[in-house]
Amino acid sequence: MHSPSPLSLVELPVRRLNRGDLVSCADLCEDRGWPRDEHRWGLLLSAGTGYGVDAPDGKGLAATCLTMPYGSDLTAVGMLLVADRYGRRGLARRLMRHVMETVGEVPLVLYATELGRPLYEDLGFSPVGRAERVGGRFGAGAAPDSPSASRPSLTTRPATADDLQAMIRLDLPVFGADRTHLLARLPAFSDRLQVAEEHGELTGYAALWPSGQAQIVGPLIARDTATAQALVTALAATTDRPLRTEVHTAHKELLGWLTERGLEPLNRTTVMTYNLDGLPGDATRRFSPLTLATG
């Protein structure tokens, strides 16, 4: 049986994905050497909109893409994956064009790998920043001169149901778009959800959730670097698994601190936007995304 020609592949129909596609989405991740991450896919398919192309050989999905809408203000794009056996035949471009046409005039944001960046640039996306993935074993204990050690008013604790509204109020001006539908799912999605307080005011929050053999820190929203450090330290103390997180490269102090505590640089992505000059919100308080697919 011969392989489909490039022309026939790009003519394959695009359909909406649902939770019944969870295993096929995880299979595609595994095909590309990623963790299967059914847990993450479950969140993405319930809070966002998935698109897929069924493999013409009848074996699962040939390609996927995920959009995470934030009203009419912003839509994040991620999980653009093409099965290895169908790679470099125009499927990624076909799927991205479909998504862009479906979304219309809503501004888009995505994190591009070095491999994917040329495609996004060709489609009209512009670079607006960078993020660095770091991972490894977190060394417990802050250095004596750590900012968090000299701020006794800064405390963290596990989040409760009563914290959700305060988290949403904090998040809106930081992220720059309403992501209540995503934050409301964090308590059930996360292994741990931690908030930071100072003088009775909620000043940050962060979640810890599983991916393969690691635990992911994200999102990480904090008033300043010391608050971010306190949240990461508290979350790290709850697990003996390796940590991983994506940090916007503008936060050099936090990246340096994480490196000093055992996390190593893994790779970088380029933050890119379409129909938008730069990221909305407050970059000084936005340290890490929930996951790259959610913007």
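## Contacts and model basis

Of the contacts (heavy atoms within 4.5 Å) between residues at least 6 apart in sequence in the protein chain, 72% join residues at least 24 apart.

The model is predicted: local features need pLDDT of at least 70, side-chain atom pairs count only at pLDDT 80 or more, and totals for chains, interfaces and linings use all residues. Residues are numbered from 1 along each chain as its sequence is written, and side-chain values use heavy atoms, with hydrogens and water left out.

## Fold and dimensions

The protein chain has 10 helices and 13 strands, taken as DSSP runs (H or I, at least four residues, for helices; E, at least two, for strands) numbered from the N terminus. Its radius of gyration is 19 Å, close to the 19 Å from the globule rule for 295 residues, so the chain is as compact as a globular protein of that length. The radius is taken over C-alpha atoms, and the rule is 2.2 Å times the number of residues to the power 0.38. The C-alpha trace spans about 65 × 35 × 35 Å along its principal axes.

## Burial

Buried residues account for 51% of the 295 residues in the protein chain. Buried means under 20% relative accessible area, exposed over 50%, and partly exposed in between (1.4 Å probe, protein chains only).

## Arg 89

Arg 89 sits in the loop between β4 (74-82) and α4 (91-103). It counts as partly exposed because its relative accessibility is 22%.
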